[in-house]
Amino acid sequence: MIKIESLTKIWPGITALDKVSFEVRQGSIHGFLGPNGAGKSTTMNIITGLIPPTSGRVFIKNHDVCKERKSVLGLVGFLPEHAPLYDNMNVLEYLKFVASINMVPSREIKKNVDEIIHSCGLLKVFSRTIGNLSKGFRQRVALAQTLVHSPELVILDEPTVGLDPNSVIEIRNLIKSLAGGRTVLFSSHTLHEVDLLCDDITIIGNGRIMRSGNKKKIINDFQTGQVVVADVKKWNDAMATEVKLNMSVERVEYVRKNDHYVVKFFSGKDVDIRHQISKYLVECEADLLSLTEERPGLEDIFQKVTVDE
Amino acid sequence: MRLIKLRETWILFVKEIKDVFQGPLIYILTGTFCLLIGWLFFNYLLGAGRLTSLNMTSAVIVPIFGNMNFMFLFLAPMLTMRLIAGEKKAHTIELLFISNLNHFQIIVAKFMASLCMVLFMLLFTVVFPVILHLSGYSDWGTVGSAYLGMILSIMCYLSVGMFTSSLTENQIVAAFTSFGILMGLMLLVVSVNATNNWMLGNIVQYLSIPVHYESFVRGAIRSYDFVYFFSFIGFFLWLTDRSLESRNW
Ligand SMILES: Nc1ncnc2c1ncn2[C@@H]1O[C@H](COP(=O)(O)OP(=O)(O)OP(=O)(O)O)[C@@H](O)[C@H]1O
Ligand SMILES: [Mg+2]
């Protein structure tokens with residue numbers, strides 16, 4: 001759906017994007033991650049043709065965005081970083097305005113707008129002036145605006161910022177419901193959200209692509225050996241040494257927590273050590289309370305990729 | 001296809017008109033303008049003394065239109081300042097850019113909207129010819145051509161205002177810059193008197209808006225004045241287009 005080829009953007013004195021290349025599959029929900037100032041908004045602005053790249057190309061459905069703007073116009077719905085709202089219009093008027101400057105035929109405007117008002121939870125406020133709405137509702141209106149001309153590709157720059165927890169879930173569900181028929185590319189700082197929604201992710205740091213592709217695959221690539229966490233009543237250094245000697249455990253960490261210890265066993269190789277550990281802990285009467293395997297989450301990966309590399 | 005394009009331009013135009021007439025600025029400006037110009041008209045009328053058609057044209061019509069034109073030097077930048085700068089500030093310009101509107105449509109719709117504001121303000125000055133008519137004035141040709149000339153020269157001011165509005169997201173800066181440019185063009189004609197170079201003098205005269213405007217007020221409609229006005233407006237609208245094109249925020 002989107003194909004980005006060695007995109008570079010140089011602002012006076014700063015290279016915001018440095019040979020960025022990645023792809024967004026048709027019909028997928030693609031998460032776009034990166035620390036502040038990494039170049040997420042810049043990339044999205046270039047994809048939508050709002051700012052020209054210094055070099056490199058962007059294709060949407062095989063149309064070059066810079067050269068054939070006309071052919072991609074109706075395909076894309078975009079929520080920029082700053083919600084583009086007219087404060088003096090009311091919600092209904094605004095959505096109708098956006099629909100009509102986006103080539104929605106007059107007959108369909110009312111139907112489309114009504115649908116969007118329902119699905120974005122704007123029923124309560126549709127006749128109110130946008131300038132008087134709370135931040136969360138403004139964000140919803142801005143989100144509704146992207147969908148009003150039924151685009152095939154929806155690009156959202158931090159869509160859930162400023163929403164209350166219930167609204168966040170609502171908006172997430174909305175994004176999820178877009179999948180399949182539409183392609184969604186969205187940026188977010190809430191990794192949990194990305195984990196819930198996305199099939200694919202791209203991590204960008206300092207204007208360079210750090211990782212891009214299938215989420216599961218990226219997580220798997222990161223898993224070096226197994227981490228097992230056990231809650232036990234009794235623990236000491238001697239036991240740790242014994243474990244390290246007898247089993248394929250490379251490192252043991254533990255902390256005291258209230259009335260028990262939390263012990264982490266790190267295995268160097270790709271072997272399942274849960275069985276050995278549980279057996280040992282039971283045999284030496286450490287009073288095993290629970291035993292879980294810890295998988296690296298997006299948080300760990302994000303941190304590793306953007307801080308360490 | 002052509003019709004659809006017109007439809008979108010029209011929609012943006014209507015939005016601009018609504019924006020303006022829902023806000024207080026246009027009414028404040030119109031009120032001030034009417035008050036000042038009415039007072040001036042009254043004074044000119046008193047000064048004119050004997051009410052003959054010939055006398056009336058030179059004693060009332062010429063100076064009152066000159067004054068109106070001069071006042072729009074200040075008013076036009078205030079009418080145009082928010083057109084693009086305001087949208088940039090509110091980030092709504094992005095909405096227009098990713099919509100189906102092209103730059104040309106955006107510029108035309110906004111320019112026409114600002115022209116409508118001007119026409120709205122001028123609407124109230126129609127009272128003056130009516131009053132003159134009641135006192136026996138009948139040189140309607142001159143009044144008509146004076147209006148035409150004034151509107152054309154105000155359109156020039158508007159095009160400069162559009163351009164400066166597209167340069168910045170600060171409305172005040174936009175207004176002052178366009179006022180500066182317009183004032184500079186006015187002063188050109190003054191500086192002509194200071195130079196003794198005949199060639200230069202003629203060129204500068206041709207470039208200055210009031211020179212072309214004055215012939216209209218005197219009732220002379222010359223085709224090269226039209227050429228001047230429309231190329232002036234075209235040039236600044238083209239610059240606006242360039243400036244939108246080279247956006248880099
Ligand atoms: N108009 C501009 N002029 C100059 N530099 C800019 C401009 N816009 C962005 N930048 C720079 O480009 C870099 C990338 O900015 P961008 O807004 O894309 O980051 P981001 O990933 O969206 O960050 P955030 O998570 O904070 O939104 C930053 O260093 C920023 O300072
Ligand atoms: Mg951003």
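**Figure 1. Surroundings of A:P80 in the predicted model.** Leaving out residues up to four places away in sequence, A:P80 touches A:D157 and B:E94, in a model that is predicted. The residue belongs to the loop between β6 and α3 of chain A, and A:P80 counts as buried because its relative accessibility is 3%, against a cut-off of under 20%. A:N45 stands 35 residues from A:P80 in sequence, yet the C-alpha atoms of A:P80 and A:N45 are 7.6 Å apart in space.

**Figure 2. The magnesium ion (ligand 2) and its protein donors.** The donors from the protein are the OG atom of A:S41 and the OE atom of A:E81, which lie 1.9 to 2.3 Å from the ion. The pair links distant parts of the chain, 40 residues apart, with A:S41 placed in helix α1 (residues 40–47) of chain A and A:E81 in the loop between β6 (76–79) and α3 (91–101) of chain A.

**Figure 3. The interface of chain B and chain A.** In this interface 25 residues of chain B are in contact with 31 residues of chain A. The two chains bury about 2400 Å² between them, and 58% of this area is on carbon and sulfur atoms. On the side of chain B, the residues B:R7, B:L95 and B:I98 supply 27% of the area that chain B buries against chain A, which is more than any other three residues supply. The rule finds 1 salt bridge across the interface of chain B and chain A; A:E93 and B:K18 form a salt bridge in which the closest N and O atoms are 3.5 Å apart.

**Figure 4. A salt-bridge network in chain B, with B:K110 and B:E87 among its members.** The closest N and O atoms of the salt bridge between B:K110 and B:E87 are 2.8 Å apart. Because B:K110 lies in helix α5 (residues 103–123) of chain B and B:E87 in helix α3 of chain B, the pair ties together parts that are 23 residues apart in sequence. Both partners are buried, B:K110 with a relative accessible area of 1% and B:E87 with one of 4%. Through salt bridges that share partners, B:K15, B:E16, B:D19, B:R82, B:E87 and B:K110 are joined into one network. Within this group, the side chains of B:E16 and B:K15 meet in a salt bridge with an N to O distance of 3.0 Å, and B:E16 and B:K15 are buried as well.

**Figure 5. The salt bridge between A:K215 and A:D195.** A search of the whole structure finds 24 salt bridges over all chains, and one of them joins the side chains of A:K215 and A:D195, at 3.5 Å from N to O. Since A:K215 lies in helix α8 (residues 215–222) of chain A and A:D195 in helix α7 (residues 191–197) of chain A, the pair ties together parts that are 20 residues apart in sequence. A:K215 counts as buried at 11% relative accessibility, while A:D195 counts as partly exposed at 32%.

**Figure 6. The largest nonpolar core and the contacts of B:I209.** This core holds 155 residues, of which A:I2, A:Y94, A:L122, B:F72, B:Y157 and B:I209 touch the most other members. Its largest share, 14 residues, comes from helix α3 (residues 53–89) of chain B. With neighbours within four places in sequence left aside, B:I209 is in contact with B:S153, B:C156, B:Y157, B:L182, B:L185, B:M186, B:Y228, B:F229 and B:F232. A second, separate core has 18 residues, including A:V228, A:W235, A:V252 and A:I277.

**Figure 7. The buried residues of helix α6 of chain B.** In this helix, which spans residues 127–134, B:F128, B:P129 and B:L132 are buried. These residues are on the same side of α6(B), because they cover an arc of only 95° around the axis. Just after α6(B), B:G136 takes a positive phi of about 95°.

**Figure 8. B:D225 in helix α11 of chain B.** Helix α11 of chain B, which contains B:D225, runs over residues 223–245. B:D225 counts as buried, its relative accessibility being 0%. Not counting residues up to four places away in sequence, B:D225 touches B:H212, B:S215 and B:F216.

Methods:
Residues numbered from 1 in each chain as written. Chains lettered and ligands numbered in written order. Predicted model: local features only at pLDDT ≥ 70, side-chain atom pairs only at ≥ 80, totals over all residues. Heavy atoms only, no water. Buried < 20%, exposed > 50% of the residue type's maximum accessible area, 1.4 Å probe, protein only. Helix = DSSP H or I, 4+ residues; strand = E, 2+ residues; numbered from the N terminus. Arc of directions from axis to C-beta. Core = buried A, V, L, I, M, F, W, Y, C linked by side-chain atoms within 4.5 Å. Contact = heavy atoms within 4.5 Å. Donors = N, O, S within 2.8 Å, 3.2 Å for Na, K, Ca; no water. Buried area = accessible area lost by both parts, 1.4 Å probe. Salt bridge = Lys/Arg side-chain N within 4 Å of Asp/Glu carboxyl O.
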